Amino acid sequence: MGVWQLIAVGLVILLGLVGVLVPGVPGQAMVWAAVLWWALTERTPAAWGVLIGATALLLLNQALKPLLRPRRPRESGAPRKTLMLGGIAGIVGFFVLPVVGGIVGYVGAVYGAERLRLGSGGAARASLRSVMRANGYSVLVELFTCLLVTGTWLVAVIRS
């Protein structure tokens, strides 16, 4: 696979990660399709392993989705930009502090944005709880799953 095609696959994965944060955009499907594109082009055992693992992980996420509360961003009371900021911080945090950083980045950014918006720590904690109940858990699980797939793909690309 050429460098430009690899960059294109990475951009599609990145769009899929952002798509997880935007309602109505099939972010998981975009991430999986990019990994499929890469695996069909590479045709190595590692590529097929990443594709099989990504498929299993994303299917497990889809199976567990009904157990989580549906997304209701309006019920949280937080502005949409707070939720987007949390998602972007989760993506960056995943790569700065592998695996755990995604969760820390998401929750920390939502708390920080709410602290700035509301002015007090108690109100920010209450708003964070409200955000996590309304849509945070389902977004966080979906984003974390896609980030695990992305991290696995990145490790496989670097090793090959």
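1. Helices here are DSSP runs of H or I with at least four residues, strands are runs of E with at least two, and both are numbered from the N terminus. At 4% relative accessibility, Asn61 counts as buried. Buried means under 20% relative accessible area, exposed means over 50%, and partly exposed is in between, using a 1.4 Å probe and protein chains only. Leaving out residues up to four places away in sequence, Asn61 touches Gln28, Val141, Glu142 and Thr145. A contact here means heavy atoms within 4.5 Å.

2. Before going on, please keep in mind what kind of model this is. It is a predicted model, in which local features need pLDDT of at least 70 and side-chain atom pairs count only at pLDDT 80 or more, while totals for chains, interfaces and linings use all residues. Residues are numbered from 1 along each chain as its sequence is written, and side-chain values use heavy atoms, with hydrogens and water left out.

3. Now the overall fold. Which elements does the protein chain have? There are seven helices and zero strands, so read from the N terminus the order is simply α-α-α-α-α-α-α.

4. Next, the overall dimensions. The C-alpha trace of the protein chain spans about 55 × 30 × 25 Å along its principal axes. The radius of gyration of the protein chain is 17 Å, which agrees with the value near 15 Å that a compact globule of 160 residues would have. This radius is taken over C-alpha atoms, and the globule rule is 2.2 Å times the number of residues to the power 0.38.

5. What about the inside and the surface? Of the 160 residues of the protein chain, 38% count as buried. The accessible surface comes to about 8,600 Å², and 71% of that belongs to carbon and sulfur atoms. Accessible areas come from the Shrake-Rupley method with a 1.4 Å probe, and for residues only the protein chains shown count as cover. Among contacts between residues at least 6 apart in sequence, 66% join residues at least 24 apart.

6. Charges come next. The protein chain has 14 positive and 4 negative side chains, and the centres of the two sets lie 7 Å apart. Lys and Arg count as positive and Asp and Glu as negative, while His and the chain ends are not counted. Each charge is placed at NZ of Lys, CZ of Arg, CG of Asp or CD of Glu.

7. How many salt bridges does the structure hold? The count is two, where a salt bridge is a side-chain nitrogen of Lys or Arg within 4 Å of a carboxyl oxygen of Asp or Glu. In one of them, the side chains of Lys65 and Glu142 meet at 3.5 Å, N to O. Lys65 lies in the loop between helix 3 (45–64) and helix 4 (73–76) and Glu142 in helix 7 (residues 121–159), so this pair ties together parts that are 77 residues apart in sequence. Lys65 is partly exposed at 35% relative accessibility, whereas Glu142 is buried at 7%. Glu142 is also among the residues that Asn61 touches.

8. In the salt bridge between Glu114 and Arg117, the closest N and O atoms are 2.7 Å apart. Because they are three residues apart in helix 6 (residues 100–118), about one helical turn separates Glu114 and Arg117. Is Glu114 buried or exposed? Glu114 is buried, with a relative accessible area of 0%, while Arg117 is partly exposed at 41%.

9. Thr150 lies in helix 7 and counts as buried at 6% relative accessibility. Apart from neighbours within four places in sequence, Thr150 is in contact with Ile13, Leu17, Val31 and Phe95. Ala123 is in helix 7 too, and is partly exposed with a relative accessible area of 29%. Ala123 and Tyr111 are twelve residues apart in sequence and 9.7 Å apart in space, C-alpha to C-alpha.

10. Finally, two arginines. Arg43 sits in the loop between helix 2 (27–42) and helix 3 and is exposed at 63% relative accessibility. Although Arg43 is not a glycine, it has a positive phi of about 55°. Most residues other than glycine have a negative phi. Arg80 lies in helix 5 (residues 80–96) and is exposed, with a relative accessible area of 52%.
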